[in-house]
Amino acid sequence: MAINLQKGQRVAIGLQHITVGLGWDPAESGTDFDLDATACMLGEDKKIPAENFFVYYNNPKSADGACESTGDDRTGGNSEFGDDEQIIVDLTKVSPKIKSIVFAASIYDADARRQNFGQVQNSYIRICDSDSGEELCKYELCEDFSIETAIEFGRLYLHNGEWKFEATGIGHKGGLQSIVDKYC
């Protein structure tokens, strides 16, 4: 049975192969919302050690092969049937220099389109067993991010040799660049 997480809540993962699914529904504005999932693989200093440890639409697979995006949903139309975007994570391949992985989503070209997360609803992150498809945990955003154009949904982190997940729900102004600036 899946655990519904609240902001700040943590849970042990206990698996090696997981799928991180992000989903959302765009507002009924008649325009497409292009949200992009990212994975920031961080070292001990909470920074991305090299550019190829930042997984997003222009770099779909990490240097160590541990994180891989399944593709870019440019309209937000997938969540009616499931996750809009997914990142497959093989924790057995994570480089020893990586201590946490932050999962975020940003709105592509948000300023030009005049879009923000206040216009997006039913946003969530979930962790599933890649082998069985079983959902382990899910965090649904309930805050009103009316000026933010990027959201950190959650993070995997290594604690005493065990991978855990924390629901974070941290908003940023500045889209994808704000995530890059924070972790590079």
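Visitor: Which ring does the charged end of Arg-155 sit over?
Guide: The ring of Tyr-157; the charged end is 4.3 Å from the ring centre. A charge counts as over a ring if NZ of Lys or CZ of Arg is within 6 Å of the ring centre and within 35 degrees of the ring normal.

Visitor: And what sits over the ring of Tyr-124?
Guide: The charged end of Lys-138, 4.4 Å from the centre of that ring.

Visitor: What should I know about the model itself?
Guide: It is predicted: local features need pLDDT of at least 70, side-chain atom pairs count only at pLDDT 80 or more, and totals for chains, interfaces and linings use all residues. Residues are numbered from 1 along each chain as its sequence is written, and side-chain values use heavy atoms, leaving out hydrogens and water.

Visitor: Aromatics next. How many aromatic pairs are there in the whole structure?
Guide: A search finds three. Rings of Phe, Tyr and Trp (its six-membered ring) pair if their centres lie within 6.5 Å; planes under 30 degrees apart are stacked, over 60 edge-to-face, the rest tilted.

Visitor: What is the geometry of Phe-54 and Tyr-56?
Guide: Tilted, with 5.0 Å centre to centre and 45° between the planes.

Visitor: Is Phe-54 buried or exposed?
Guide: Buried, at a relative accessible area of 7%. Buried means under 20%, exposed over 50%, partly exposed in between (1.4 Å probe, protein chains only).

Visitor: What about Tyr-57 and Tyr-108?
Guide: That pair is edge-to-face: 6.2 Å between centres, 85° between planes. Tyr-57 lies in the loop between β5 and β6, Tyr-108 in the loop between β8 and α1, 51 residues apart. Helices (H or I, at least four residues) and strands (E, at least two) are DSSP runs, numbered from the N terminus. Tyr-57 is partly exposed at 33%, and Tyr-108 is partly exposed at 39%.

Visitor: Which residues form the aromatic cluster?
Guide: Phe-54, Tyr-56, Tyr-57 and Tyr-108 form one cluster.

Visitor: Switching to the sheet. What is the strand order?
Guide: β1-β10-β9-β3-β7-β6, an open sheet with mixed pairing. Strands pair if DSSP finds at least two bridges between them. β1 and β6 stand at the edges with a single partner strand each, so one side of each has no neighbour in the sheet.

Visitor: How many bridges join β3 and β9?
Guide: Eight, in the antiparallel sense. Within that pairing, Leu-22 has Ile-125 of β9 as its bridge partner.
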